[in-house]
Structures are given as C-alpha cells and as structure tokens.
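Here's a quick tour of the fold, from the order of its elements to what sits inside. Have the structure open as you read.

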Amino acid sequence: MKNLFIIACGMFLFLNCQGQNKQSKTNVTMEKQTIYQFKVEDLSGKPFDFSSLKGKKLMIVNTASKCGLTPQYKELEALYKEYAAKGFVIVGFPANNFASQEPGTNEEIATFCQLNYGVTFPMMSKISVKGSDMHAVYKFLTQKSKNGLQDSEVEWNFQKYLLNEKGELVKVIGPRTLPNDPEILNWIKG
C-alpha cells in the first residue's frame with residue numbers, strides 16, 4: 001500500500017511537471033508582434049499601412065505643437081531628410097495627452113507642422129498615447145507582452161521608439177533626448 005502511494009505521488013509530480021513544461025514552451029514560442037500589423041490614418045485621413053515600411057528602420061514619436069520640446073520638429077525633419085534615402089523613416093503621432101499641448105485638429109496640426117518646420121515625414125492622425133483610450137500602436141510600443149522587448153510608459157511629448165528593419169521594437173528614447181543625439185545617429189547608421 002505504501003509503495004502504491006509513493007508511485008501515485010511520483011506519477012502526479014511527473015504529470016504536473018510535464019504540464020508546466022508544455023506551458024513554458026508555449027510561452028517561449030509565442031510569436032512576437034511587429035509594427036507591420038497596424039494600419040492607421042495620416043493627418044489628411046488617408047490610410048497608412050505600416051507594412052509598407054518593411055525593411056526600413058523606424059522612429060515613432062508622439063508630437064505636440066504647444067510644448068517646450070516642439071522645436072524638436074526641426075531636428076526630426078533634418079534627420080529624416082538626411083537618412084530617408086538610406087532606409088530610415090520617422091512617423092509622427094500628434095497626441096494631446098500632456099498638459100493639453102496638442103489641442104488642434106488634424107488640419108491645424110498639418111498646417112502648423114508645414115508652416116513652422118517644413119515637416120515632410122509621415123504624420124498620422126491625432127491619437128491618445130496613454131490612458132484608457134491608448135491607441136493600439138502605443139499599446140504595442142509600451143507593453144512587453146506585445147513588443148517582446150520591454151514595458152515602458154510614454155513620459156511626455158516627443159518620446160521616441162526605435163524599430164528595426166523587421167518592425168521590432170529595439171529601443172525607447174526619452175522625450176528630452178534630441179533626435180540628433182549620438183545614440184540615435186549611431187543606431188541609424190549601424
């Protein structure tokens with residue numbers, strides 16, 4: 001009887017460990033998402049499919065027109081002009097999440113960006129980058145369970161997310177780091 005109890009306990013432990021191993025393998029083989037699954041609208045309301053950017057390095061940045069960091073538009077545009085032909089794209093997402101610093105409509109934002117900074121890089125429709133109404137693109141960028149790299153929180157306007165040629169998140173850069181910072185330039189050139 002004692003031997004039968006020991007065998008039953010051993011079988012239970014074996015089967016339980018097997019179940020955990022299967023679960024661990026499932027978690028490990030879970031496919032990491034990429035930015036290419038998303039389709040959004042640009043400032044003029046036209047569809048924009050991220051899969052059209054396959055093979056390019058990307059910087060996704062949340063923008064605002066009435067922020068102390070707004071002059072970063074100038075550096076972003078210079079960076080885009082210098083490296084666009086070398087497979088680098090900046091995608092801007094206007095957002096009004098921080099101190100109501102992007103109150104304008106999509107049309108007003110487009111006019112502001114063009115008149116003040118000559119922005120030519122793709123600018124998307126205004127979205128939310130945090131909170132309960134966070135856009136799906138930013139859920140991907142900020143949640144490790146979706147991006148496979150790290151959890152992050154959008155700290156302020158002009159936070160930068162760098163994605164490799166496979167559409168995978170590789171780095172999060174804080175809002176105050178300028179677009180022409182050596183860390184960013186080295187990544188683009190690398």
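## Fold and core

Starting at the N terminus, the protein chain's elements come in the order α-β-β-β-α-β-α-α-α-β-β-α. That gives 6 helices and 6 strands, in what is a predicted model.

Some whole-chain numbers next. Of the contacts in the protein chain with a separation of 6 or more, 65% link residues 24 or more positions apart. Buried residues make up 41% of the 190 in the protein chain. The accessible surface is about 10,600 Å², with 54% of that belonging to carbon and sulfur atoms.

Now for the inside. The largest nonpolar core counts 51 residues, and Ile35, Phe50, Ile60, Phe93 and Tyr138 have the most contacts inside it.

Take Ile60 as a way in: leaving out residues up to four places away in sequence, Ile60 touches Ile35, Phe50, Val91, Phe93, Tyr138, Leu141, Gln159, Lys160, Tyr161 and Leu163.

How do the axes of helix H2 and helix H3 cross? Helix H2 (residues 72–83) and helix H3 (residues 106–117) have axes that come within 10 Å and cross at roughly 75°, so H2 is roughly perpendicular to H3. Tyr73, Lys74 and Glu77 of H2 meet Phe112, Cys113 and Tyr117 of H3. By class, this contact has 4 nonpolar and 2 charged residues, with no polar ones.

Notes
Residues numbered from 1 in each chain as written. Predicted model: local features only at pLDDT ≥ 70, side-chain atom pairs only at ≥ 80, totals over all residues. Heavy atoms only, no water. Axes fitted to C-alpha atoms, helices over the stretch in contact; angles between N-to-C directions. Helix = DSSP H or I, 4+ residues; strand = E, 2+ residues; numbered from the N terminus. Parallel < 35°, antiparallel > 145°, perpendicular 65-115°, else oblique. Contact = heavy atoms within 4.5 Å. Nonpolar A, V, L, I, M, F, W, Y, C, P; charged D, E, K, R; others polar. Buried < 20%, exposed > 50% of the residue type's maximum accessible area, 1.4 Å probe, protein only. Areas by Shrake-Rupley, 256 points an atom, 1.4 Å probe, with all protein chains shown as cover. Core = buried A, V, L, I, M, F, W, Y, C linked by side-chain atoms within 4.5 Å.
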